[in-house]
Amino acid sequence: MIFSRLALIAVFAGFLSMPVLAQTAVQISADSFTIEEGTKEAVFTGNVVIKHPTVNVWAEKVVATYGDGGTSDIKSFEATGNVKLETDEQTATGDRAVFSPGDQLLRLTGNVQVSNAAGNVNAQELVVNLATNVSTFSASEGGRVTGTFTTQ
């Protein structure tokens, strides 16, 4: 199934693991940008747009939490508020996206919709385990995961 690997999510997660950024030009724009040394957070707020050669990200707020290695030592990445991830082949939307490089998990939550030419899936949560290449769509309690697929 085309959604089993979710290439968009894998590209997004690879993009967020930051060592790639040293080799690739990434454009980030926002209404404001703050580095909070005490909490080790880089915070972009207001109409955040991240343009990478393979994926674009839109959100109201993006927070990158980093370790002792500075901004190249990303511990987690969180995008909130009308999150949209888009490649040439696929679009995913939700209320919140969190990527943790340490456990290689990407969680997209809240009104999740993933679509491409083969169809679309709607869920409350999507968890992508990049280590195992397993993507799991979940519904909220009492809800259901739904999808529409184009057959050939």
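## Val-63 and its surroundings

Beyond its neighbours within four places in sequence, Val-63 is in contact (heavy atoms within 4.5 Å) with Glu-41, Ala-42, Val-43, Ser-76, Phe-77 and Glu-78. Val-63 belongs to strand β4, residues 56-67; strands (E, at least two residues) are DSSP runs, numbered from the N terminus.

With a relative accessible area of 12%, Val-63 is buried. Buried means under 20% relative accessible area, exposed over 50%, and partly exposed in between, with a 1.4 Å probe and protein chains only. Thr-34 is 29 residues from Val-63 along the chain, and their C-alpha atoms are separated by 9.6 Å.

## Basis of the model

This is a predicted model, in which local features need pLDDT of at least 70 and side-chain atom pairs count only at pLDDT 80 or more, while totals for chains, interfaces and linings use all residues. Residues are numbered from 1 along each chain as its sequence is written, and side-chain values use heavy atoms, with hydrogens and water left out.

## Salt bridges

The whole structure holds five salt bridges, each a side-chain nitrogen of Lys or Arg within 4 Å of a carboxyl oxygen of Asp or Glu. One of them joins Lys-75 to Asp-73, with the closest N and O atoms 3.5 Å apart. Lys-75 is partly exposed at 47%, and Asp-73 is partly exposed at 24%. Another pairs Lys-84 with Glu-86 at 3.6 Å, N to O.

Glu-125 and Arg-107 also form a salt bridge, their closest N and O atoms being 4.0 Å apart. This pair links distant parts of the chain, 18 residues apart: Glu-125 is in strand β8 (residues 119-129) and Arg-107 in strand β7 (residues 105-116). Glu-125 is partly exposed at 25% relative accessibility, as is Arg-107 at 37%.

Terms used: Helices (H or I, at least four residues) and strands (E, at least two) are DSSP runs, numbered from the N terminus.
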